[in-house]
Amino acid sequence: MAKKVTVVFVRHGERLDEADYGAWCRMADECPEAFHDPPLTGAGRLQAAEAGRLVVAALSGKVRMYASPSVRTLGTAAHVGEVLGVDEVMIAPGLYACSAAAKRHGVENLVCAAPGSERFTQATRGAFRMYDTFGSTSDTFSATVESIVNATPHGDTAVLVTHREGIYSHSRRHGKKRILHAGYCCTCHYTCKTGEDGAKEWSMVSSKVPVIPEKRSPKVDLP
């Protein structure tokens, strides 16, 4: 059956290792296996909340939230979800597959914030009442996006919190307007029409980066 859905990609907020590498190394000493999974900074959390306000304007029908299982994307999803009034999240390993670390090491070999784990709770700060896993660690980014679109009912919205590499690749494949800079918490709003034959037609509506007033933008805020 033909349908049209809204899809909003959101990049995670500022990550600690890119704001203060020394601080991240000291934190990572306590959990070396999670070296490739830094948390958000205080500025990153502010960016995520502002991104949520940008996403509000794109919403249609019921909203379903999906997130990569990294700490920074789950933390971003929690703040976006609070603004949207969404307290459920589907954790999709395929949305992590596009990241540089996943390409080098494989999603299955990275320490992720598994649903219900201590890392998950710390990252989301209890923002989600319900959570589950969508797909597997062997899924590619593009296949995951297609599966999410297929699972979204006509007229509804899917919000995907992911990484810049995935946002760039999707723009190259489907965006008539190419994204030149997917800054922290960049939001990319698309509509996707699925025909009777299953063929998909993507249209980019907008691409925005949240702006945080200087006085509200702390460089680093260790969790």
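The points below describe the sheet, the helices and a few backbone details of this structure.

1. Basis of the note. This is a predicted model, in which local features need pLDDT of at least 70, side-chain atom pairs count only at pLDDT 80 or more, and totals for chains, interfaces and linings use all residues. Residues are numbered from 1 along each chain as its sequence is written, and side-chain values use heavy atoms, with hydrogens and water left out.

2. The sheet. An open sheet is formed by 7 strands in the order E4-E3-E2-E5-E1-E6-E7, with mixed pairing; strands here are DSSP runs of E with at least two residues, helices are runs of H or I with at least four residues, and both are numbered from the N terminus. Two strands are taken to pair if DSSP finds at least two bridges between them. Strand E4 (130-133) and strand E7 (200-208) stand at the edges with a single partner strand each, so one side of each is left without a neighbour in the sheet. From one strand to the next the twist averages 25°.

3. A parallel pair. Strand E2 (residues 63-67) and strand E5 (residues 157-162) run parallel and are joined by 5 bridges. Within this pair, valine 63 stands opposite threonine 157 in E5.

4. Strand E6 and its partners. E6 runs antiparallel to E1, with 8 bridges joining the two, and phenylalanine 9 has cysteine 188 in E6 as its bridge partner. E6 and E7 are likewise antiparallel and joined by 8 bridges, with tyrosine 190 having methionine 204 in E7 as its bridge partner. The hairpin of E6 and E7 has 5 residues between the strands, and there glycine 198 takes a positive phi near 90°. E6 is mostly covered, since 7 of its 8 residues are buried, where buried means under 20% relative accessible area, exposed means over 50%, and partly exposed lies in between (1.4 Å probe, protein chains only).

5. Helices across the sheet. Helix H7 (residues 141-151) lies across strand E1 (3-11), E2, E5, strand E6 (187-194) and E7, and runs at about 135° to E1. Helix H8 (residues 164-174) lies across E1, E5, E6 and E7, running at about 140° to E1. For such angles, axes are lines fitted to C-alpha atoms, for helices over the stretch in contact, and the values run from 0 to 180 degrees between N-to-C directions.

6. The H3 and H4 packing. Helix H3 (residues 42-56) and helix H4 (residues 71-84) have axes that come within 8 Å and cross at roughly 45°. The two helices are therefore oblique to each other, a class left for angles that are not under 35 degrees (roughly parallel), over 145 (roughly antiparallel) or 65 to 115 (roughly perpendicular). Their contact (heavy atoms within 4.5 Å) involves residues including Arg45, Ala48 and Val56 of H3 and Thr76, His79 and Leu84 of H4. The residues of this contact divide into 8 nonpolar, 3 polar and 2 charged, with Ala, Val, Leu, Ile, Met, Phe, Trp, Tyr, Cys and Pro counted as nonpolar, Asp, Glu, Lys and Arg as charged, and the others, Gly among them, as polar.

7. Two loop residues to check. Arginine 125, in the loop between helix H6 (118-124) and E4, has a phi near 55°, a positive value in a residue other than glycine, and counts as exposed at 51% relative accessibility. Cysteine 185, in the loop between H8 and E6, has a positive phi near 60°, also in a residue other than glycine, but is buried, with a relative accessible area of 0%.
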